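Here is a short report for a first look at this structure. Please keep the sequence and the model in view while reading.

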Amino acid sequence: MTTDPIADFLTRIRNAVRAGHKVVDIPGSNIKREMTKILKEKGYILNYKFEQDGVKSNIKIALKYNPETKLPAIKALTRISKPGLRRYTNVDEMPCVLNGLGIAIVSTSQGVMTDKEARQRNVGGEILCYIY
């Protein structure tokens, strides 16, 4: 049992990328599923698969690398809001990661989405992480 499952999710992906693994297995939850879908939409991972094994769920993520240079698509994953210090923002102060080259994943009242989608829908929320 981890106290911060989102940080565990990001750390498993970060460690797999640094080790050069093709696939990483992560214990599943609803918020991790939504974050995985966002990573796929934005092109940071190749594919994913949700597996249900009775009560336990699992997420298999295929990591994406450049075929020529073997460099990973994910350069950095940074946890922003932590259990000890939550970070909330309104739509006017929504962060712009690397001048728009990266994404911030935000948990809003309308679901988990990127910073750009939150600006378009005019909602604020908890900043979960930065990815670039």
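## Basis of the model

This is a predicted model, where local features need pLDDT of at least 70, side-chain atom pairs count only at pLDDT 80 or more, and totals for chains, interfaces and linings use all residues. Residues are numbered from 1 along each chain as its sequence is written, and side-chain values use heavy atoms, without hydrogens or water.

## The largest core

A nonpolar core is a set of buried Ala, Val, Leu, Ile, Met, Phe, Trp, Tyr and Cys residues joined through side-chain atoms within 4.5 Å. Buried means under 20% relative accessible area, exposed over 50%, and partly exposed in between (1.4 Å probe, protein chains only).

The largest core has 25 residues. F9, I13, M35, I61, L63, I105 and I131 touch the most other members. At least two residues each come from α1 (5–19), β1 (23–27), α2 (30–41), β3 (56–63), β6 (103–108) and β8 (125–131). Helices (H or I, at least four residues) and strands (E, at least two) are DSSP runs, numbered from the N terminus. α1 gives the largest share, 6 residues.

I13 touches V24, I26, L39, I61, L63, I74 and L77 (contact: heavy atoms within 4.5 Å), leaving aside residues up to four places away in sequence.

## A second core

A separate core holds 5 residues, including M94, V106, A118 and V123.

## Two loop residues

N99 sits in the loop between β5 (88–89) and β6. N99 is not a glycine, yet its phi is positive, about 55°. N99 is exposed, at 78% relative accessible area.

N122 lies in the loop between α3 (115–121) and β8. Its phi is near 60°, again positive in a residue other than glycine. N122 counts as exposed, at 56% relative accessibility.
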